[in-house]
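Good morning, and thank you for coming. Please have the sequence and the model open while I speak.

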Number of protein chains: 2
Amino acid sequence: MQRLWAFLLVWLSMPLGGWTQTTTVTSPDGSLVVTFRLEEGRPVYQIDRLGMPLILPSPMGFVLKEQPPLVGPFRLIGLVRDTVDTVWTQPWGEKKHIRNHYHELRLQLEETTERPRRLDLVFRVFDEGVGFRYEWPEQAYLDRFVIMDELTAFRLAGDHQAWWIPAYHPNRYEYLYRRTPISQLDTVHTPLTMETADGWFLSVHEAEVEDYATMTLAPSDSLTLEVDLVPWSDGTRVKAQTPFRSPWRVLLVGDNAGELITNYTLLNLNAPNRLGDVSWVRPAKYVGIWWEMHIGRSTWGSGPRHGATTENAKRYIDFAARHGFDAVLIEGWNVGWDGDWTQNGDKFRFTEPYPDFDIEEVARYARDRGVQLIGHHETACHITNYERQMEAAFAFYQRLGIHMVKTGYVAHGRNCIWIDEQGQVHREWHHGQFMVRHHRRVLETAARYQIAINAHEPVKDTGERRTYPNMVSREGARGQEYNAWSEDGGNPPEHTTILPFTRLLAGPMDFTPGIFDILIKDRPNNRVNTTLAKQLALYVVIYSPLQMAADLPEHYEARLDAFQFIKDVPVDWEDTRVLHARIGDYVTIVRKDRHSDDWYLGSITDEYGRTLEAPLSFLEPGRRYLAEIYRDAPDADWRTNPLALEIVRQVVDASTVLTLRLAPGGGTAIRFHPIEE
Amino acid sequence: MQRLWAFLLVWLSMPLGGWTQTTTVTSPDGSLVVTFRLEEGRPVYQIDRLGMPLILPSPMGFVLKEQPPLVGPFRLIGLVRDTVDTVWTQPWGEKKHIRNHYHELRLQLEETTERPRRLDLVFRVFDEGVGFRYEWPEQAYLDRFVIMDELTAFRLAGDHQAWWIPAYHPNRYEYLYRRTPISQLDTVHTPLTMETADGWFLSVHEAEVEDYATMTLAPSDSLTLEVDLVPWSDGTRVKAQTPFRSPWRVLLVGDNAGELITNYTLLNLNAPNRLGDVSWVRPAKYVGIWWEMHIGRSTWGSGPRHGATTENAKRYIDFAARHGFDAVLIEGWNVGWDGDWTQNGDKFRFTEPYPDFDIEEVARYARDRGVQLIGHHETACHITNYERQMEAAFAFYQRLGIHMVKTGYVAHGRNCIWIDEQGQVHREWHHGQFMVRHHRRVLETAARYQIAINAHEPVKDTGERRTYPNMVSREGARGQEYNAWSEDGGNPPEHTTILPFTRLLAGPMDFTPGIFDILIKDRPNNRVNTTLAKQLALYVVIYSPLQMAADLPEHYEARLDAFQFIKDVPVDWEDTRVLHARIGDYVTIVRKDRHSDDWYLGSITDEYGRTLEAPLSFLEPGRRYLAEIYRDAPDADWRTNPLALEIVRQVVDASTVLTLRLAPGGGTAIRFHPIEE
């Protein structure tokens with residue numbers, strides 16, 4: 001079919017004078033239109049939707065090292081169209097069945113020089129977004145090459161409001177989001193989410209970053225965003241050899257902010273599962289030796305207050321077993337944490353426990369109680385040290401029955417270290433091609449040992465969980481721990497009302513919700529800036545197949561009423577829908593459990609209270625449900641009365657409209673359980 | 001109960017040192033809080049909601065003529081609280097049963113002078129808004145008085161986005177809405193609708209304007225709006241005598257824009273029906289001799305192209321009877337239209353037909369065919385000429401069996417004329433106390449003849465339809481006729497996506513939708529800036545108990561497929577809900593017929609297309625409906641292909657989610673009819 005199309009189109013376009021005319025490709029429902037043309041041989045694309053220009057005519061191309069730039073003049077030597085419409089199944093996820101439906105246009109370009117280089121442009125146009133990439137086929141006049149700059153730009157049609165975090169800053173992705181017009185942007189990370197004056201929501205991101213630098217966006221003139229690839233330490237951007245291809249540059253589009261959340265274009269643009277049977281990747285709810293270090297009650301390093309002791313681990317394992325948790329994370333058990341470990345990453349030993357931690361005994365204890373352990377690999381971003389031990393480290397965990405490892409790459413700014421064969425030390429950004437390659441190696445190695453990865457201080461998510469389903473979760477934003485110690489007051493209430501529309505568009509996040517000790521007894525100058533009910537709601541709002549109950553066991557034992565929601569809430573979903581969405585203000589998400597007929601609702605607000613009407617039309621018609629509602633008490637307020645929680649039960653059905661009353665800084669969490677009749 | 005409260009509160013507050021402390025009154029659900037205090041004896045109020053200041057501490061009071069200003073120092077001599085929670089029934093309306101639920105606080109103030117004047121402040125706090133008014137009881141030291149200025153102000157808490165039309169401009173309320181921050185406001189009419197940066201929607205308006213000037217809002221410093229009463233021609237604002245009371249100053253609040261539309265605070269603040277049995281007020285769908293004058297095919301005045309001839313009226317009556325319309329409007333039938341009638345309002349004779357119009361015969365012809373006539377009183381705002389004939393004019397219509405009259409007040413700027421007993425001519429604004437009094441006299445006179453009023457170029461709506469249910473509809477915004485002749489290109493596509501959130505918050509509007517001859521054959525330089533489907537959707541989006549099918553009969557006969565929707569759509573509703581709402585971009589409203597189990601949906605967009613998901617959870621659960629969908633064809637576009645309409649039928653139920661695909665400038669109209677099984 002694809003070949004026939006190609007033939008027909010070649011033939012049809014001939015009488016129009018060769019290949020200089022404009023070519024368009026529309027989304028299946030016709031609403032999104034990509035227009036491509038060669039302007040004096042230079043490639044230009046634009047994107048329109050239902051009469052509205054989204055991306056004005058914008059340039060494409062590359063600056064290469066020690067070669068002429070790859071920007072044209074080109075001529076079109078072939079054009080291939082294709083249509084795909086399939087449904088695939090996520091082994092785990094926020095939605096089980098995902099439709100992959102797009103029109104594809106491949107433009108085969110060749111330079112008009114004597115030694116012409118070739119470049120393909122591929123557009124995939126979905127009803128909800130557009131992806132396009134560059135492909136370099138094997139060819140006569142290009143083999144190895146080095147990209148010094150990618151010239152792709154997004155010329156926006158207005159000075160849209162944007163929510164963004166700055167790129168090239170020391171703390172990686174861990175910044176509070178700023179909201180400004182596009183004209184006031186720094187160089188920013190993606191996803192970059194925007195709201196237009198005319199009521200559209202856009203987000204620019206990338207998908208399937210296989211062997212390439214990740215992309216930041218730099219404002220050139222006020223309304224144009226230029227792709228700015230994160231460089232290697234040697235100043236180059238991407239080292240390549242044909243055949244080669246770039247990641248997909250992606251524009252997501254929604255008529256409302258909620259549609260961005262249920263947009264699966266990024267996943268669809270990644271290749272299908274390469275690992276085969278991944279039944280060993282199991283979504284999990286976990287507790288662990290973690291928050292107690294953040295609040296200063298114990299330490300990662302050895303000594304009298306060492307957190308990762310055999311005894312303490314058993315305490316968490318007992319707690320997990322008692323309350324039905326799947327797993328326990330233990331940080332700080334291995335040698336390397338003493339002194340300023342962030343500067344001494346080469347000291348980490350990934351198979352060598354501290355003397356007060358009997359890992360064999362802990363693993364046996366956990367196994368006997370039906371609890372999994374989650375391993376931990378903090379690398380301080382000393383990549384060479386880690387990669388030298390990686391194979392052994394995963395084998396070690398596999399032998400102990402561990403199927404999940406949290407990795408860590410704490411390092412400020414451009415400080416991810418590798419040592420070349422001459423012994424020379426190189427320092428890289430977390431986000432360049434070097435680290436993309438590293439993370440891919442970790443995933444592939446871990447997969448061989450049937451281990452899933454939860455990466456902290458990671459490279460950003462670009463949807464590789466579709467291809468590598470052992471890439472289960474990651475950090476890559478300011479998480480809960482900032483509430484424990486940051487000197488800027490922690491995460492303000494609005495932070496979690498922005499994440500679902502920005503960071504979380506990229507994929508799951510291990511935010512670690514569920515702090516019940518809101519005022520943090522151990523840290524008088526710090527606190528969590530939410531109500532208790534909002535902490536519960538985060539389990540539904542923030543999607544991750546790996547969710548921590550982050551607080552200490554004793555804080556949960558003291559509030560078993562509220563804790564019941566965390567015990568009940570699943571981490572693997574059949575479906576996800578968004579009921580209310582206003583970026584930075586409030587969001588309500590409902591999800592259906594993949595393994596029962598239960599639905600769950602999470603609704604959160606910023607520092608202001610809200611009254612939101614939630615029609616329960618997602619429930620199965622004709623069926624009655626018991627709604628177990630965990631909500632802010634009438635006098636709750638994140639500042640003055642954060643623990644005031646009401647738990648009420650109510651019989652509802654699909655025709656019920658619930659009024660959610662969120663306190664300032666508050667939230668509501670609901671379990672809907674069918675009543676058997 | 002009220003008395004007991006008053007007693008208790010007087011007693012409780014005594015120990016705190018008299019009446020100087022702060023007093024609060026909250027809405028029934030506690031979300032809205034009004035705080036009142038006397039600052040050095042001067043009244044100050046503020047309004048907060050769920051932790052968010054909506055109105056910062058703001059002043060109250062009056063400048064009076066030839067008296068000291070009424071601004072304090074006051075002391076509080078009494079305080080009365082009350083709670084009301086009732087449900088009342090609209091005889092006709094957009095929703096049948098309306099809950100009226102508020103907490104009231106009455107503050108009885110007295111000046112601290114030797115000859116103290118008294119002033120009461122009354123606050124009514126609903127969950128969805130706040131109303132407050134001034135009341136002057138009968139008292140020793142104030143009898144007749146003249147208000148020169150009302151000092152009420154609204155100090156806003158942010159530079160909110162606002163949608164507004166300017167006050168004191170020649171064309172009354174007939175301007176396109178501008179959207180700017182509050183800091184860039186002119187003096188504006190109300191309702192003034194605002195969106196805050198934190199996701200709240202506010203609208204400032206007034207209710208129950210009985211005998212007072214209407215209110216405009218003037219920016220004082222950038223974020224304070226001061227009440228600016230429309231003056232009499234003599235420069236005074238309000239002529240009063242105790243007991244007297246101001247209108248309610250009203251702040252409507254919604255968590256989303258759609259909640260403003262289903263906010264019934266304004267109606268609740270008007271007094272209940274004073275007319276008793278109003279079964280003679282019947283919502284109606286009508287056609288009429290009207291659009292043909294606007295497009296220049298015939299004239300209001302006499303002559304060879306006179307529109308209101310006996311023969312032409314019969315043609316419309318036949319058309320109405322054939323297609324089941326309730327009524328026919330005939331304009332230009334009475335003497336007074338020749339020459340520049342806008343300057344010669346005293347020439348109108350309201351009981352004297354032109355010779356080519358046999359009104360007795362037309363009335364008989366209509367009666368025989370079961371069609372009502374709608375009378376017409378164009379006054380050119382010569383109030384004295386009209387009022388001298390008014391009693392006779394309504395009696396004349398009543399004798400002909402007419403129960404509905406369209407009035408008109410065409411006059412530019414301050415040109416509403418009255419002649420005093422000395423024969424002196426005075427020229428007034430349309431919006432001052434003089435015209436408020438006039439409109440009230442018209443309603444009361446018309447009611448005595450069982451006639452309902454549809455006022456064009458009116459005073460603005462402040463909810464008097466609750467008290468006078470014969471006040472059925474009015475104009476008071478740029479209507480359809482601007483598409484026929486305005487030199488500014490007509491109403492842009494976004495106009496009707498702003499009206500529901502601004503003008504229509506005040507009450508029903510006789511917009512006169514339904515132009516099928518979108519490109520207006522008779523007017524090559526004018527056109528209607530929508531698709532055909534959007535014209536249909538307006539019948540649901542724009543609420544009026546009186547809806548015109550405004551185009552010529554022959555244009556409907558040529559498109560009977562599309563016309564069916566206009567024939568089916570009711571004008572009286574059991575309930576109204578808003579599915580999508582973004583001011584100036586798009587809106588989707590569903591309404592349930594009051595006299596059947598049918599539901600109707602109208603969805604419209606601005607110049608950009610939209611894809612909107614509409615869950616049909618409003619339908620009765622477990623029941624199947626036939627959806628008759630009138631939508632833009634895939635290639636429809638208001639600019640290039642406005643007539644491309646698709647009509648499809650689909651079986652749906654409460655669990656269906658319909659995707660509405662609106663073309664640029666387009667819309668969707670749907671009838672949901674239960675399938676009997």
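This is a predicted model: local features need pLDDT of at least 70, side-chain atom pairs count only at pLDDT 80 or more; totals for chains, interfaces and linings use all residues.

S24(A) gives the most, with three residues. Sorted by class, the lining has eight nonpolar, 11 polar and eight charged residues.

I move now to the interface between the chains. Chain B brings 37 residues to the contact and chain A brings 35. The area buried between chain B and chain A is about 2,600 Å², and carbon and sulfur atoms give 43% of that area. Three residues, B:Leu50, B:Arg582 and B:Tyr608, supply 21% of what chain B buries against chain A, more than any other three residues.

How many salt bridges are there between chain B and chain A? The count is two. B:Glu195 forms a salt bridge with A:Arg582, and the closest N and O atoms are 2.7 Å apart. Polar contacts between chain B and chain A number 16 residue pairs, with both residues at pLDDT 80 or more.

On the side of chain B that touches chain A, strand S33 (610-615) and strand S36 (657-662) of chain B each supply at least two residues. The largest share, five residues, comes from S33(B). By class, this side of chain B has 12 nonpolar, 10 polar and 15 charged residues.

Finally, some remarks on the backbone. Most residues other than glycine have a negative phi, and most peptide bonds are trans. In chain B, a cis peptide bond joins B:Thr190 and B:Pro191, with omega about 0°. B:Pro191 sits in the loop between strand S13 (178-181) and strand S14 (192-195) of chain B. A cis peptide bond also joins B:Thr242 and B:Pro243, with omega about -10°; B:Pro243 is in the loop between strand S18 (238-241) and strand S19 (244-245) of chain B. In chain A, A:Glu40 has a positive phi of about 50°, although it is not a glycine. A:Glu40 lies in the loop between strand S2 (32-39) and strand S3 (42-49) of chain A.

Definitions and conventions
Residues are numbered from 1 along each chain as its sequence is written. Chains are lettered from A and ligands numbered from 1 in the order in which they are written. Side-chain values use heavy atoms; hydrogens and water are left out. Contact means heavy atoms within 4.5 Å. Buried area is the accessible area (1.4 Å probe) that two parts lose on being put together, summed over both. A salt bridge is a side-chain nitrogen of Lys or Arg within 4 Å of a carboxyl oxygen of Asp or Glu. A polar contact is a pair of N or O atoms within 3.5 Å; within protein, one must be able to donate a hydrogen and the other to accept it, and residues adjacent in sequence count only if both atoms are side-chain atoms. Helices (H or I, at least four residues) and strands (E, at least two) are DSSP runs, numbered from the N terminus. Ala, Val, Leu, Ile, Met, Phe, Trp, Tyr, Cys and Pro count as nonpolar, Asp, Glu, Lys and Arg as charged, and the others, Gly among them, as polar.
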